[in-house]
Amino acid sequence: MRGPKSARPIDLIGWRQKKGISLSAIAAATKISERYLEAIERGKFRSLPGGAYGVGYIRQYAQAIHYDPDRLIERYRAATSEPQPQQPDTWTRRLLRRLHL
């Protein structure tokens, strides 16, 4: 019996190559080190900086290769036990609206 769909490996290198995009072009466009881009492609998410930086790198990489960023970020969070961002409570949301943030 197979696991959930998200458990299957993703061939990001093949996906990128099918789109005709080089890793150096992504690095130049995003200013993300090729070392980090290679780590994303190989699923070595623990090699990335944590928190918002890691998520941002993954989002930019996915957008550069025309891949679903949310799907890739979900894998990152599962692999690194990175928590989902919390939604602000009702009081905070009202305050932010009043401050126009």
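A residue is called buried when its relative accessible area is under 20%, exposed when it is over 50%, and partly exposed in between, using a 1.4 Å probe and the protein chains only. The model is a predicted one, in which local features need pLDDT of at least 70 and side-chain atom pairs count only at pLDDT 80 or more, while totals for chains, interfaces and linings use all residues. Residues are numbered from 1 along each chain as its sequence is written, and side-chain values use heavy atoms, with hydrogens and water left out.

The chain contains 6 helices and 0 strands, where helices (H or I, at least four residues) and strands (E, at least two) are DSSP runs, numbered from the N terminus. Of its 101 residues, 32% count as buried. A contact means heavy atoms within 4.5 Å. Among contacts with a separation of 6 or more, 52% are between residues 24 or more positions apart.

Helix 2 covers residues 23–30, and its buried residues are L23, I26, A27 and T30. These residues lie on the same side of helix 2 because they cover an arc of only 100 degrees around the axis, the arc being that of the directions from the helix axis to the C-beta atoms. An α-helix has 3.6 residues a turn, so residues three or four places apart point the same way. The cover over the buried residues of helix 2 includes helix 1 (12–18), helix 3 (34–42) and helix 4 (51–64). Just after helix 2, K31 has a positive phi of about 65 degrees.

Two salt bridges are found in the structure; a salt bridge is a side-chain nitrogen of Lys or Arg within 4 Å of a carboxyl oxygen of Asp or Glu. In one of them, the side chains of R16 and E41 meet at 2.4 Å, N to O. R16 belongs to helix 1 and E41 to helix 3, so this pair ties together parts that are 25 residues apart in sequence. Both R16 and E41 are buried. The side chains of R59 and D70 also meet in a salt bridge, at 3.7 Å, N to O. Here R59 is in helix 4 and D70 in helix 5, so the pair ties together parts 11 residues apart in sequence. R59 is partly exposed, with a relative accessible area of 32%, whereas D70 is exposed at 52%.

Aromatic rings also pair. Rings of Phe, Tyr and Trp (its six-membered ring) pair if their centres lie within 6.5 Å; planes under 30 degrees apart count as stacked, over 60 as edge-to-face and the rest as tilted. The whole structure has 3 aromatic pairs. One of them is edge-to-face, because the rings of W15 and Y67 have centres 5.1 Å apart and planes at 90 degrees. This pair links distant parts of the chain, with W15 in helix 1 and Y67 in the loop between helix 4 and helix 5 (69–80), 52 residues apart. W15 counts as partly exposed at 30% relative accessibility, while Y67 is buried at 8%. The rings of F45 and Y76 have centres 5.8 Å apart and planes at 90 degrees, so this pair is edge-to-face. F45 lies in the loop between helix 3 and helix 4 and Y76 in helix 5, so the pair ties together parts 31 residues apart in sequence. F45 and Y76 are both buried.
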